[in-house]
Amino acid sequence: IKILCRFYESDEEEFSTKVAEYTNSQTAVTTRDIKSVDEIQRKLQTLVNAKGYFYQIKAKEFEGKDKEKIIDMEKIAQCIYAYSCEFPSQARNNKREIFLSKYNEIFNDTIDAETIIGLFELFKLIIQKRNSIIKQNILDNTYNKPEYSFITSSDYYMLYGMKKLYLKKHNHLPKDLPKLIEFYEDVYVLLQKCVCAEIERREND
């Protein structure tokens, strides 16, 4: 068996990261795996972990730890893209670009441990609300109706919408991001109206 190998030697961390990115661009290695060696991610992991959470930059890195404290890098990147960058649709539907063309936009200098933990806790509340509504829709036999079923793919829109409504009312954002959950029902109603309007438009076309 013959195996072709290539070796690099460097004391520069940035160079090592770039080598990982470019040499893995045509292999099965995911973009998430490539960024797991990035200095930004390792710095965030140190800061977040110091606050009692587990910032997971590699899949199953903290297997066996408290799941309620594990913050997955990919999931939180989607939250940041929807909330801070205000692109909820792309956050949900274009996940690959998060660690490619959008990476520096998402993980910029304003992203710190407090923001990551706040978004993580807020997103957990969003999921709880969503699951509660789904259970009720199943009981009411409305789950398959589009004016109700949209809730299954609404999480990142909720994140964005709650931010906007909070800003409209208070002219600033809270340091404690989970406070935004008070606007969940308001955003739900707004999204439902949008869905109903789109259904009506299509029926009239």
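## Helix α4 against helix α7

In this predicted model, the axes of helices α4 and α7 approach within 10 Å and cross at roughly 95 degrees. That angle makes α4 roughly perpendicular to α7, because crossing angles of 65 to 115 degrees fall in that class.

On the α4 side, the contact is made by Ile 76, Cys 79, Ile 80 and Tyr 83, and on the α7 side by Ile 116, Leu 119, Phe 120 and Phe 123. By class, the residues of this contact divide into eight nonpolar, no polar and no charged.

## Helix α4 against helix α9

Helix α4 (residues 73–83) also packs with helix α9 (residues 155–170), at an angle of about 40 degrees and with the axes 8 Å apart. The two helices α4 and α9 are therefore oblique to each other, and their crossing is right-handed.

From α4, the residues Lys 75, Gln 78, Cys 79, Ala 82 and Tyr 83 meet Tyr 156, Leu 159, Tyr 160 and Lys 163 of α9. The contact of α4 with α9 has six nonpolar residues, one polar residue and two charged residues. Cys 79 and Tyr 83 are among the α4 residues in this contact, and they also take part in the contact with α7.

## Helix α7: length and end

Helix α7 covers residues 113–139, and its 27 residues should span 39 Å at 1.5 Å a residue; the end C-alpha atoms are 40 Å apart, which agrees with that expectation. Just after α7, Asn 141 adopts a positive phi of about 60 degrees.

## Helix α7 against helix α10

The axes of α7 and helix α10 (residues 184–204) come within 11 Å and cross at roughly 55 degrees. The crossing of α7 and α10 is right-handed.

In α7, the residues Ile 126, Lys 129, Arg 130 and Ile 133 meet Tyr 184, Glu 185 and Tyr 188 in α10. By class, the contact of α7 with α10 comprises four nonpolar, no polar and three charged residues.

## Aromatic pairs

A pair of aromatic rings is described by the distance of the centres and the angle of the planes. A search of the whole structure finds eight aromatic pairs. One of them joins Tyr 53 and Phe 120 in an edge-to-face arrangement, with 6.0 Å from centre to centre and 90 degrees between the planes.

This pair links distant parts of the chain, 67 residues apart: Tyr 53 belongs to the loop between α3 (39–49) and β1 (54–56), whereas Phe 120 lies in helix α7. Phe 120 is also one of the α7 residues in the contact with α4.

Technical notes:
Residues numbered from 1 in each chain as written. Predicted model: local features only at pLDDT ≥ 70, side-chain atom pairs only at ≥ 80, totals over all residues. Heavy atoms only, no water. Helix = DSSP H or I, 4+ residues; strand = E, 2+ residues; numbered from the N terminus. Expected span 1.5 Å × (residues − 1). Axes fitted to C-alpha atoms, helices over the stretch in contact; angles between N-to-C directions. Left-handed = near helix turned anticlockwise from the far one by under 90°. Contact = heavy atoms within 4.5 Å. Nonpolar A, V, L, I, M, F, W, Y, C, P; charged D, E, K, R; others polar. Phe/Tyr/Trp six-rings, centres within 6.5 Å; stacked < 30°, edge-to-face > 60°. Parallel < 35°, antiparallel > 145°, perpendicular 65-115°, else oblique.
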